[in-house]
Amino acid sequence: MKKNIKLNLIGLRCPEPIMIIRKTLRDINLHDNILVLSDDPTTQRDIPHFCHFMDHKLLKYEIKDKLYLYLLKKGL
């Protein structure tokens, strides 16, 4: 069964968001989704690069005020 996990990373700064995302992705099943909330502007660069490098999918990216929202799908 596919799960949707929400990670509230507000207040954390690079490299913490990527480290937490990576650990979470290791612990979930293939094709599960993670919704990431962050206020760190470096995630705009780091999360897409991380997904590409690690073969995960960035399904959605949105900015609301100074809040960054990412929907990631665990890949291979």
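## Exposure of His31

Buried means under 20% relative accessible area, exposed means over 50%, and partly exposed lies in between. His31 has a relative accessibility of 42%, so His31 counts as partly exposed. This is a predicted model.

His31 sits in the loop between helix 1 and strand 2, which covers 33-38. Its backbone deserves a look. Phi of His31 is positive, about 75 degrees, although His31 is not a glycine.

## Backbone exceptions

Most residues other than glycine have a negative phi, and most peptide bonds are trans. Phi of Asp65 is positive, near 55 degrees, and Asp65 is not a glycine. Asp65 is in the loop between strand 3 (57-64) and strand 4 (67-73). With a relative accessible area of 77%, Asp65 is exposed.

The next case concerns a peptide bond. Cys14 and Pro15 are joined by a cis peptide bond, with omega about 10 degrees. Pro15 belongs to the loop between strand 1 (4-8) and helix 1.

Leu7 lies in strand 1. Its relative accessible area is 12%, so Leu7 is buried. Setting aside neighbours within four places in sequence, Leu7 is in contact with Ile20, Ile21, Thr24, Ile34, Leu35, Val36 and Leu37. Leu7 and Arg26 are 19 residues apart in sequence, and their C-alpha atoms are 14 Å apart in space.

Thr24 is one of the contacts of Leu7. Thr24 belongs to helix 1, residues 16-27. Thr24 has a relative accessible area of 15%, so Thr24 is buried. Beyond neighbours within four places in sequence, the contacts of Thr24 are Ile5, Leu7 and Ile34.

Two packed helices are described by the angle between their axes and the distance between the axes. Helix 1 packs with helix 2 (residues 43-54) at an angle of about 30 degrees. Their axes are 10 Å apart. The crossing of the two helices is right-handed.

Which residues make the contact? Helix 1 supplies Pro17, Ile18, Ile21, Arg22 and Leu25. Helix 2 supplies Thr43, Asp46, Ile47, Phe50 and Met54.

## Around Tyr68

Tyr68 is part of strand 4. Is Tyr68 buried or exposed? Tyr68 is buried, because its relative accessible area is 10%.

Apart from neighbours within four places in sequence, Tyr68 is in contact with Val36, Leu37, Ser38, Asp39, Asp40, Pro41, Thr43, Gln44, Tyr61, Glu62 and Ile63. One of these contacts is Asp40. Tyr68 and Asp40 are 28 residues apart in sequence and 7.7 Å apart in space, C-alpha to C-alpha.

## Salt bridges

How many salt bridges are there? The count comes to 5. One of them pairs Asp39 with Arg13, with the closest N and O atoms 2.9 Å apart. Asp39 lies in the loop between strand 2 and helix 2, and Arg13 in the loop between strand 1 and helix 1, so the pair ties together parts that are 26 residues apart in sequence. Asp39 is partly exposed at 23% relative accessibility. Arg13 is partly exposed at 40%.

Arg45 forms a salt bridge with Asp46, again with the closest N and O atoms 2.9 Å apart. Arg45 is partly exposed, with a relative accessible area of 46%, whereas Asp46 is buried at 15%. Lys64 bridges to Glu62, where the closest N and O atoms are 3.5 Å apart. Salt bridges that share partners join Lys60, Glu62 and Lys64 into one network. Lys64 is partly exposed at 47% relative accessibility. Glu62 is partly exposed, with a relative accessible area of 24%.

## A nonpolar patch

Leu58, Tyr61 and Ile63 make a nonpolar surface patch of about 240 Å². Ile63 lies in strand 3. Its relative accessibility is 42%, so Ile63 counts as partly exposed. Two residues of the patch, Tyr61 and Ile63, are also in contact with Tyr68.

Conventions:
Residues numbered from 1 in each chain as written. Predicted model: local features only at pLDDT ≥ 70, side-chain atom pairs only at ≥ 80, totals over all residues. Heavy atoms only, no water. Helix = DSSP H or I, 4+ residues; strand = E, 2+ residues; numbered from the N terminus. Buried < 20%, exposed > 50% of the residue type's maximum accessible area, 1.4 Å probe, protein only. Contact = heavy atoms within 4.5 Å. Patch = residues over 30% accessible without salt bridge, like charges linked within 9 Å, V, L, I, M, F, W, Y side chains within 5 Å. Areas by Shrake-Rupley, 256 points an atom, 1.4 Å probe, with all protein chains shown as cover. Salt bridge = Lys/Arg side-chain N within 4 Å of Asp/Glu carboxyl O. Axes fitted to C-alpha atoms, helices over the stretch in contact; angles between N-to-C directions. Left-handed = near helix turned anticlockwise from the far one by under 90°.
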